[in-house]
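Q: I would like a close look at a single part of this structure, followed by an account of its surroundings. Please take the sequence and the model together.

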Amino acid sequence: MIEFVLDSRSKVNTYMQLVQQVKQALRVGLLMPGDQLPKVRDVAQSLAINPNTVLKAYRELEIEGLVGGRPGVGTFVTRTLAGASLPNQAELREDLVAWLHRARSAGLTPEDVTALVETTMRAALADEAQQKEPA
Amino acid sequence: MDVVLEADQLGKRYGSTWALRDCSLHLPAGRVAALVGPNGAGKSTLLHMAVGLLRPDAGAVRVFGESPYNNTNTLADIGFVAQDTPLYRDFSAAELVTAGAKLNRRWDAALARNRLAQLGIPPNRPVGKLSGGQRAQVALALALAKRPRLLLLDEPVASLDPLARREFLQSLMGSVADAGTTVLLSSHLLADLERVCDYLIVLHAARVQLTGPVDEIAAGHRQLVGPRLDGTPPVGVAAVVRASHTDRQSTLLVRTDRPIDDPAWTVREVSVEDIILAYLADGDTMTSHTEWGVPA
């Protein structure tokens, strides 16, 4: 079972924040097929949000084929987003931790690291896309 | 779509002043609606007419299809917590639960006791000696014990500290999820409402300024920034809610009827809070300029 948290300063609306958290949990393997999502009532109460917002988020996930509702029982994960990449993640994470230590010793602040990762990722993905295009 | 509460040209006058006028709106079943407006906008007047405590001077209000002023049967389906949670202060919470059973046709005493026990409310202390947050919870528990189909709350969190406010809204959302109760709550604390409410009624200067589902309202308004506007706003603008101008730039909050795709204008989404404030501010300046006899 996962627990939702809301970022009240985020511009992303509440239902989308719930959707994103479930997808995130599916991506990192925190939620697996068969797992139950928190009950609508419990989410509404603990976050003090409208139950319709929770329902809307769960419906969205259902439309995307990630979860399924069982009437009277609850909502369950039917598919994972981790896919084949999950086993590789542990190793990549180790590399990343080592890299982060190097970045710290080189004097980079967390903001510097985030900025570097974001710009590099954009550039690298753009390069990849260009290479794929037929000349 | 089932309509729980419906007002048609509803009006209420105190002396020669209209507290509410030409109020037409409907509240669909299963919604949690926010009734928003500054003090004196007519929020309490509307709620008091919806619960049959006041008789309309114009138009009609119907709850579950009946006029609540003439039809006391309807009252069994309505839960109402008035402003400042008036309770018999010398009674304890346990005594109030017992009293409620004698005063109501339908009464779920077990529900009230369970709720109050879960919240750690002392059963035998006079409610006048409880904290404001605890008193609000007692009033909510009593209103819910009626198992109402419509729950009306007048400024339920205004006098509570942030923690008590959050706990109150948690209880409220939990019970809405349990029972599917339709809720209409008035408030001027906009930040809380955006998460809790999915329907909005904005009252200002005795009139309804805006009403509808929150997501439709959010999708139907945009902020535009562009060159100083003279003449007509860009295509897609249904109405300009609020505008401010410098010598070369205009900032508009607009209601849209289709996507705005004009390269001269920067289009931004606006929060529901900003939309509400735009509607409230609009009427304000207009009246005060006329009343003070100065040009707008």
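Which residues of helix H2 (residues 40-47) of chain A are buried?

A: In this predicted model, the buried residues of helix H2 of chain A are A:Val43, A:Ala44, A:Gln45 and A:Leu47. These buried residues pack against helix H3 (51-63) of chain A and also against H6 of chain B, and a residue is called buried here if 20 or more other C-beta atoms lie within 10 Å of its own. After H2(A) comes A:Ala48, which has a positive phi, near 55°.

Along the principal axes, the C-alpha atoms of chain A fill a box of roughly 55 × 40 × 30 Å. Buried residues make up 21% of the 135 residues of chain A, which places the four named in H2(A), A:Val43, A:Ala44, A:Gln45 and A:Leu47, within that buried part.

The packing of H2(A) against H6 of chain B leads on to the contact between the chains, to which chain A gives eleven residues and chain B gives 13 residues. On the side of chain B that touches chain A, the elements that give two or more residues are helix H6 (162-179) and helix H7 (190-196) of chain B. H6(B) gives the most to that side, with eight residues. Sorted by class, the side of chain B that touches chain A has seven nonpolar, four charged and two polar residues.

Elsewhere in chain B, four strands form an open sheet in the order E11-E12-E10-E13, with antiparallel pairing. Strand E11 (237-245) and strand E13 (266-269) of chain B each have a single partner strand and stand at the edges, so one side of each is left without a neighbour in the sheet. From one strand to the next, the twist of this sheet averages 25°. Seven bridges join E11(B) to strand E12 (residues 249-256) of chain B in the antiparallel sense, and B:Ser244 has B:Thr251, in E12(B), as its bridge partner.

Technical notes. Residues numbered from 1 in each chain as written. Chains lettered and ligands numbered in written order. Predicted model: local features only at pLDDT ≥ 70, side-chain atom pairs only at ≥ 80, totals over all residues. Contact = placed C-beta atoms within 7 Å. Nonpolar A, V, L, I, M, F, W, Y, C, P; charged D, E, K, R; others polar. Pairing = 2+ DSSP bridges. Axes fitted to C-alpha atoms, helices over the stretch in contact; angles between N-to-C directions. Buried ≥ 20, exposed ≤ 12 C-beta atoms within 10 Å, placed from the backbone.
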